[in-house]
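Dear colleague,

I am handing over the structure below, and my notes on it follow directly after.

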Amino acid sequence: MLLDSSIIIYAAQPEYSELRRFIRDHSPAVSAVSYVEVLGYHRLTEQERKHFEMFFSAATVLPISEAVLNQAVRLRHARKMSLADALQAGTALAHGLTLVTKNTKDFEWINGLSLLDPFKPTAP
């Protein structure tokens with residue numbers, strides 16, 4: 001599994017203990033894109049920055065490799081999408097991982113990309 005940046009941010013909020021448990025139980029990877037998006041946010045408080053630095057130091061951060069770049073280019077040729085989304089999806093595709101995101105609609109069109117919205121109730 002590969003966590004989208006928004007999932008990392010939601011998990012830091014006190015009301016999302018179930019999401020933190022999900023992350024703990026599955027030990028998903030994160031993209032270098034999420035590292036930049038989350039830690040690079042200009043309005044982080046010192047406490048938030050320390051929290052996210054601890055999170056990323058414990059996480060498996062996947063680099064932006066040539067395979068990721070090739071996937072991202074292919075996706076952006078196919079449809080207009082943000083650079084960050086293309087790199088996130090490209091990372092998931094290049095590593096054969098499920099992308100964990102609340103924004104599944106942004107990625108549903110991508111053939112071969114497995115998606116999981118941890119906020120949606122699962123079928124019994």
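Is R49 buried, exposed or partly exposed? R49 is partly exposed, with a relative accessible area of 27%, where buried means under 20%, exposed over 50% and partly exposed in between (1.4 Å probe, protein chains only).

Please bear in mind that this is a predicted model, in which local features need pLDDT of at least 70 and side-chain atom pairs count only at pLDDT 80 or more, while totals for chains, interfaces and linings use all residues. Residues are numbered from 1 along each chain as its sequence is written, and side-chain values use heavy atoms, with hydrogens and water left out.

R49 forms a salt bridge with E46, the closest N and O atoms being 2.0 Å apart; the term stands for a side-chain nitrogen of Lys or Arg within 4 Å of a carboxyl oxygen of Asp or Glu. Both residues lie in helix α4 (residues 46-58), three residues apart, about one turn of the helix, where helices are DSSP runs of H or I with at least four residues, numbered from the N terminus. E46, at 44% relative accessibility, is partly exposed, and a network of salt bridges links E46, R49 and E53.

The whole structure holds four salt bridges. In helix α2, R21 and E18 are three residues apart, and so separated by about one helical turn, and their side chains meet in a salt bridge at 2.3 Å, N to O. R21 is partly exposed at 32%, whereas E18 is exposed at 55%. R24 and D25 also meet in a salt bridge, at 3.1 Å, N to O, and both are exposed.

Best regards

Note on methods: Helix = DSSP H or I, 4+ residues; strand = E, 2+ residues; numbered from the N terminus.
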